[in-house]
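This report describes how parts of one protein chain pack against one another. Please keep the sequence and the structure in view while reading.

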Amino acid sequence: MTDGKPARDAERDAIIAALVPVVDGLAATFGPVCEVLLHDYRQPEKSVVAVSGDLTGRSVGGAMSEIGLRMLARGDEAADELNYLTRTRGGRQLKSSTMVLRDSTGAVFGALCVNVDVTAVQQAQALLAAIGGGGAAQAPATTTFGNDIDSVVEAIVDAHQLRRGRTWVQLDRAQRLELFRGLDEHGVFAVRRAIEQVAARLGISRASAYSYLSQARAATGTLPGPAADSASTGGDA
């Protein structure tokens, strides 16, 4: 007796295939200020299956961003995120929308993402606000986009440390558990070899990283769903 996985995968493949032309159509509609990407969350390390436009430098076979990892961590509880602002490392300001893809069972397995370069618009608004005496708008957070999932994971780890203003050795046990809980909530451990990479970035052993992750999940009542370097999962959502 099968669990229906082949049928579910076939359905998901069909949905993705049907959306590939939509990627090109949306990008063509909005022109060179627009980038559209189609993600398959079953392969987090190379989730981009279609892309049109070039704002974040990604190509087919590229990795999901921090936002995608956060969606992946939420699983079937993930919801569309529309019209949020991000900033690339190159300084471009993007207005973005991430729309999750669900199969007929309601399970989330991918996303359609639209990025629009609003740098010029933001600059014009800032100028008008300055002339009119208005307050400066809050700058969007910098987001790591890249074809290499390792760079995305490293950026998330670094951002979590910077947010606390301390290095790993300066954190107490509660703060260390909080850091691992935050990384888990951002989907970092859905990526292959994430435990090893996080451990190396923090300067701790792989065993210590596993221990902190296990304790962080236990403290929040999270089921011990594996870190993605477990051979049983292969990193698939």
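Val 188 touches Val 153, Ile 156, Leu 183, Ala 194 and Val 198, leaving aside residues up to four places away in sequence; contact means heavy atoms within 4.5 Å. The model is predicted: local features need pLDDT of at least 70 and side-chain atom pairs pLDDT 80 or more, while totals for chains, interfaces and linings use all residues. Residues are numbered from 1 along each chain as its sequence is written, and side-chain values use heavy atoms, without hydrogens and water.

Val 188 is also among the residues that touch the most other members of the largest nonpolar core, which has 35 residues. Such a core is a set of buried Ala, Val, Leu, Ile, Met, Phe, Trp, Tyr and Cys residues joined through side-chain atoms within 4.5 Å; buried means under 20% relative accessible area (1.4 Å probe, protein chains only).

## Two crossing helices

Helices here are DSSP runs of H or I with at least four residues, and strands are E runs of at least two, numbered from the N terminus. The axes of H6 (residues 194-202) and H7 (residues 206-220), lines fitted to C-alpha atoms over the stretch in contact, come within 8 Å and cross at roughly 105°. H6 is therefore roughly perpendicular to H7, a term for angles of 65 to 115 degrees on a scale from 0 to 180 between N-to-C directions.

In strand E5 (108-117), nine of the 10 residues are buried. E5 runs antiparallel to E1 (residues 34-40), with seven bridges; strands pair if DSSP finds at least two bridges between them. Asp 40 stands opposite Gly 110 in E5.

Key:
Parallel < 35°, antiparallel > 145°, perpendicular 65-115°, else oblique. Buried < 20%, exposed > 50% of the residue type's maximum accessible area, 1.4 Å probe, protein only.
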